[in-house]
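My entries follow, in the order I made them.

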Amino acid sequence: MSPRLVIHIGDPKTGTSSIQRVLMDGAWQAPGLTMMPRAQLNDYPLANTLRKAKQRAKLEPRFTALARQIAASEADLAVVSAEQFWGVDPKALYEALRRFLPEHAESARVIAYVRPHAAHFLSGYAQSCKTGHFQGDGAAYLAHVQTGRILNCAPRFLAWRDTFGDRFTLRLFDRARLSGGDAVRDFLETATGRTDIEITAGAAQNETLTRPALAGVMLLQQRLDAAGIPQEVKTALGGEMAGLCNRGGGMGGEKLALDRALATRIAARFAEDAAALDAAFFP
């Protein structure tokens, strides 16, 4: 029998890197359950064939390679994981499954996580500053993202549910709501339907920087921007510097936080979207 297919779509900054590291390392086990080995840490290339028009020509070879890998596997489960799927039209993914993995099109499960809006805003701000995609304060970032799709969550998650029905699962990324307070355990239990899972190794990946560390990375990004360094290089260097700051206990200092005025503005701006999410997924 072919493995059951699970597609993990993010959102960004919801423990995705930690989940992918444990999956890549095979650092978990459950009696009598096997997962198809992963060839790479994440499936960004696969997601980007659906998300980026300039990569559309690579859709057939990448999905065909995945189909062959799954068909050849004797594992119980196959996981595709990339937070870049958050920006993909779910209908495009469904059509790709119908075309290249027809035996999985009507059975594949899709799992996503979403942060509450204020936490989502804060993690997105830190990530955008770290990678050099944004330079500015929190108020400027709110103006930058308030009409975008990433924080206006309800319509896109409803579109996933409309496409995949009850095979789509949205989990709230809140430590109090995650199984064991841990994103990796919660994902594995959700994906497998098992609770007798042992995680044998792994540590948090891509952790949020402290305020001093983020300030240092932003200073680096300003210098790179002034020098005309390409965005892909800025992203890579920002990620590497962030990793160095976090390694060995990090630089110390307070974590980034919202002041009352900005938190109030965020709550007001996204109140309708939050209410729609609660009504649809977290009643």
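Predicted model: local features only at pLDDT ≥ 70, side-chain atom pairs only at ≥ 80, totals over all residues.

**Entry 1: Salt bridges**

I began with Asp-43, which forms a salt bridge with Arg-38, and I noted 2.8 Å between the closest N and O atoms. Buried or exposed, I wondered, are Asp-43 and Arg-38? I found Asp-43 buried, and Arg-38 is buried too. For the whole structure, I wrote down eleven salt bridges.

Next I went to Glu-254 and Arg-211, whose side chains meet in a salt bridge with an N to O distance of 3.2 Å. This pair links distant parts of the chain, 43 residues apart: Glu-254 lies in the loop between α10 (231-246) and α11 (260-269), and Arg-211 is in helix α9 (residues 211-226). Glu-254 has 55% relative accessibility, so I listed Glu-254 as exposed. Arg-211 is at 46%, and I therefore put Arg-211 down as partly exposed.

**Entry 2: Arg-185 and its partner**

I then picked out Arg-185, which I located in helix α8 (residues 183-192). Arg-185 has a salt bridge to Glu-189, with the closest N and O atoms 3.7 Å apart. How are Glu-189 and Arg-185 separated in helix α8? They are four residues apart in that helix, so about one helical turn separates them.

I checked the accessibility of both partners. Glu-189 comes out at 17% relative accessibility, so Glu-189 counts as buried, the cut-off being under 20%. Arg-185 has 23%, which means that Arg-185 counts as partly exposed.

Which residues does Arg-185 contact, leaving aside its neighbours within four places in sequence? My list reads Ser-179, Thr-195, Ile-197, Glu-198 and Ile-199. I also looked up Val-22, which is 163 residues from Arg-185 along the chain; their C-alpha atoms are separated by 10.0 Å.

**Entry 3: Helices α1 and α8**

A reminder to myself: two packed helices are described by the angle between their axes and the distance between the axes. For helix α1 (residues 16-25) and α8, I noted an angle of about 65° and axes 9 Å apart. I recorded the crossing of α1 and α8 as right-handed. On the α1 side, the contact is made by Ser-18, Ile-19, Val-22 and Leu-23, and on the α8 side by Ala-183, Val-184, Phe-187 and Leu-188. How do the residues of this contact divide into nonpolar, polar and charged? My tally for α1 with α8 is seven nonpolar, one polar and no charged.

Terms used
Residues numbered from 1 in each chain as written. Heavy atoms only, no water. Helix = DSSP H or I, 4+ residues; strand = E, 2+ residues; numbered from the N terminus. Contact = heavy atoms within 4.5 Å. Axes fitted to C-alpha atoms, helices over the stretch in contact; angles between N-to-C directions. Left-handed = near helix turned anticlockwise from the far one by under 90°. Nonpolar A, V, L, I, M, F, W, Y, C, P; charged D, E, K, R; others polar. Salt bridge = Lys/Arg side-chain N within 4 Å of Asp/Glu carboxyl O. Buried < 20%, exposed > 50% of the residue type's maximum accessible area, 1.4 Å probe, protein only.
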